[in-house]
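Please consult the sequence and the model alongside the text.

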Amino acid sequence: MKFDRRTFLTLGLGAVAGGAVGINFTPVPWKLTDDVSIWTQNWPWTPVPQTGETSYKQTTCTLCPGGCGVSVRKVGKRCVKIEGTEGHPVNNGGVCLLGNSGLQYLYGPDRVRGPMKRAGRRGEGRFIEITWEEAISEVAEKLAKIRAAGKPHTVACMTGAQQDTVSALFARFLEAYGSPNLFKSPTAWDTQRLSARLMCGLDAAVGYDLDNADYILSFGSGLIDGWGSPVHHLANYGAWHDPDTKEKAYLVQAEPRLSLTAAKADAWVAVNPGAEGPLALAMVHVIIADGLYDKNFVNSYTTRFEDWTDPDGRQQAGFKRTVLENYSPDKLAKITGVAPERVRKIAREFARARKPVAICGTAQGDQAAALYHVMAVQALNALAGNINRPGGMQILEAEGPFPWPDVQKDAKAEKGLEKPRLDAPAAKPYPLADGLIHAFAGAVLAQKPYPVEALLVAGGDPAYFLPRASEAKKALSAIPLVVSFSPVFNDTAMYADYILPDDLYLESVRDVPSPPGLVPRVVGLTRAVTDPVYASRPAGDSLIAIAKAMGGTVAGSFAWKNYQAALKQAMGGKWRTLSSKGYWIDESPAPSWTQLFGGKRFSFCPTPPAGGRTGMKPQPLVVDIPGDAKSMPLLAVPVKSMQLENGQMAATPFMMKTIPDTVLDKADVLVVEVNPQTAGKLGIGNRKAARLATPFGEADVLVVHNEGVMPGLVGLPCGFGHAGYSRFVRGKGANYHALSGAVADPLTGHDVAWGVRARLTQA
Amino acid sequence: MSQADPNHKDHQPAADNRYAGLLPLTLFLACVAAYVSLLIGWELFPRLLYAKHEQPIDFNHALHVDQLGDCEGCHWFREDGGFSGIPGNFTCTECHMDAIGYDPEEIKFVEQYVYKDREVDWYVYSRQPDCVFFSHAAHVLGGEISCETCHGDHGYSEHLRPYYENRITGYSRDIWGEKISGIHQAPWEADAVAHTDEEEYEQPAPADFTMPSMKMDDCAACHYQMKGVKREGCFVCHK
Ligand code: SF4
């Protein structure tokens, strides 16, 4: 046999064929196919869940003021799910959409990953990373320089609405540093507290025992739209509609738009916008005229109900006479837009209910309320005799100043603190003004009473939430040094020179003040459920480090080792319970009327602290929205919902996914609600593009016809139009706050605008 | 006409002779190659495919079951139906904060892991890619399937078996099954073998028990057998 190419090929082919046939009778091809397919699932860029032991850690959610206890499920070191904590006095296992998706804040790709210094223009969002040592020393040095130049008062500080130990530390810092310019975002709860101070003579927080009430008269409060402690009230609402609940509550919702709460209420009263206070007064009239008020309470524990004599010996009309003579439902019908018969019916139902309560604070209660409105509502509660009664309005012990050592002040600090506040000129006309944050931007831009050298933003998001946000942004650009402590690139952080990122509520220990309006009070504590994901630090620690770096009395006022030590001292006797249980609940019984008022009385016509002889008589105030009614015939009103926004954090990507295109169009255009009648007059069809103009800005919108909104109004969903945050939220829709302007309350000067003048033109 | 004609056909057979015997030889070679393939496929391949690892700690299940009474002490169900899986140091240190005996393995565990606050990197025989939603509660509490049905009689072992890691997938050999052929006893049959009498959980499985594999076909076969469904919906497992 000749061994040539042909032989070689033939034998070779034979062997290969034999091998090939043979291998098919082994598991090799089948097993390899299977293994390779599994191998492809393990490519490093394929996301796979963590493995490890499952555990649950407890903390308190701070994404909104609701104060829910949350339980975080962890697998190994990774947090994988947030649930409500069973048995927690605030939310008992419930959680809202935002709280549920909190891990998207924790692990989100757009968090501030460490201390940052601005590299681009203001608002551009370009930053470079610096070390913590650099961040602290550079900020401290700049602040020390301003102070050395004798201008400590030119440093301002903003805190959020929450009055926790961290905002108290910032207030303390300003005091030691020597600046009177602390600005806090005022809420409806502050107005209620002020009203209680005037009427009850007590510095106390106000709460409502909705768990036990059986008739709830809500003046625009969005009970299931994120008011107060959102999950708590959602659970209440659920309980009222549970067939097993014996005691059901009847909910009457008075507001100009068919909100979710109004739609789910037992009765909806479509009151004219801004006329909730006059409506309450009309009801007061019915109750007094029909003699349906609690005579025991009114006679023994109140004053100025009947006519009274002022210190000059002049006779003054009492509350009763003022109301009876001026505020009958018929007289106020034009203002309120509610038929007198309906007012009478509801007022009588309210007064005859066993445990009625009237509540206020529009929508989520995150905006200051008109003082006269709140006083009318508190008068309703007083007439019902429900103060501190089960199901009634509760006077809660206020979180007093924390038991820290006195602030050390040197001559520089004393001098700086004597300077007028930045908002002093704007606050002048208002007898009860106590810090007008909406006047801040104007003061900065006008450089009056003096130029602002630095701003510390310890909470809130002024670039987004302040009315006329474009002005706020200009003001932020004009301040030489802006330091933000935000853990996320919110709209304000985009304008900062330095960002010293705070931890999130899942990363370190911090107190959570009792949720607004909640009865009983529950103080919470956040805990380090996980190690910080990035190089963030508790804002309290950053501030203490800055103070220490400045030396002198500033450092002396911050003698604690770290924030933990300050927190522990602040919590005093509560600390043990707080640190072991995660929350502290006020178990003391509500004081009786005698104990509560202790010789004083509830005053229907209180004397303001600034003096005045006549007392504050009830007023049917409707906050007037200024502007040219000819060129801007419509009124745009904010539409709030928990699905869009809750507290001062923007929606999570998950929440964005739940928003239907009846709220945000597919092309990210904001959808506004207009009554078909109004839209018809304007000639704008359903789901048609339009241009919305207000005196402060313009936006492209999509008009949707909706009979749930009063003719003449434009419902504008809140929570959109962010310039900061993540790529999932940014640049969608328009920001209501940027389009709106402030309208001052005649007494407090706070912004109490309930809407803004607007014009819609077909695009 | 003796002159050779180069085109004459008679010349051809002479050329063919040169290749005589090629066909049988080719066939023979093919058979040899097939045999070698079979050898490689059945013998060498599994040896190459799997890497043998010893567990970091030789854990004695039998001893723990004896002390604690059942599997539930360490592998428990939460109220919400979640399954604790393989316990971490958190659970172990309920007893083993310090060594409580003289076993070198326990001492190793305490010194290397507890004191250093490190979790043990167990090789997990049953780990699989996370392609499906699998609920232990649905199977064990709802379906009343015993642990052994899928995991074998692990609970009676005094030593941990070596772990054979598939070099391609990184998962245990147990998933495909010990036999490279992939032919195994059906899971429900294994279950029947494992528990023949009343005292089923008190005794190790008999000698003829073989561990079932844990591939999708096994799930499907069992669902078919036990639930009586002809074809299970994809979404039942692939959420
Ligand atoms: S209601 Fe507020 S506190 Fe509660 S879970 Fe939601 S965001 Fe968190």
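Helices (H or I, at least four residues) and strands (E, at least two) are DSSP runs, numbered from the N terminus. The model is predicted: local features need pLDDT of at least 70, side-chain atom pairs count only at pLDDT 80 or more, and totals for chains, interfaces and linings use all residues. Residues are numbered from 1 along each chain as its sequence is written, chains are lettered from A and ligands numbered from 1 in the order in which they are written, and side-chain values use heavy atoms, with hydrogens and water left out.

**Helix H7 of chain A**

- Helix H7(A) covers residues 188-200 and spans 18 Å from its first C-alpha to its last, close to the 18 Å expected at 1.5 Å a residue; the expected span is 1.5 Å times one less than the number of residues.
- Ten of the 13 residues of H7(A) are buried, so the helix is largely enclosed by the rest of the structure. Buried means under 20% relative accessible area, exposed over 50%, and partly exposed in between (1.4 Å probe, protein chains only).
- The buried residues include A:Trp189, A:Leu194 and A:Met199.
- Among the elements covering them are strand E8 (204-208) and helix H15 (371-383) of chain A.
- Just after H7(A), A:Gly201 has a positive phi of about 70 degrees.

**A:Val444 in helix H18**

- A:Val444 lies in helix H18 (residues 440-446) of chain A and is buried, with a relative accessible area of 5%.
- Not counting residues up to four places away in sequence, A:Val444 touches A:Val452, A:Ala475, A:Ala478 and A:Ile479; contact means heavy atoms within 4.5 Å.
- The C-alpha atoms of A:Val444 and A:Ile479 are separated by 7.6 Å, although the two are 35 residues apart along the chain.

**The sheet E1-E2-E3**

- Three strands of chain A form an open sheet in the order E1-E2-E3, with antiparallel pairing; two strands pair if DSSP finds at least two bridges between them.
- Strands E1 (54-60) and E3 (78-84) of chain A stand at the edges with a single partner strand each, so one side of each has no neighbour in the sheet.
- Strand E2 (residues 69-75) of chain A and E3(A) are joined in the antiparallel sense over six bridges.

**Strand E25**

- In strand E25 (residues 670-674) of chain A, five of five residues are buried.
- E25(A) pairs in the parallel sense with strand E27 (residues 697-705) of chain A over five bridges, and A:Glu673 stands opposite A:Val704 in E27(A).
- Two bridges join E25(A) to the antiparallel strand E28 (residues 713-717) of chain A, where A:Gly715 is the bridge partner of A:Glu673.
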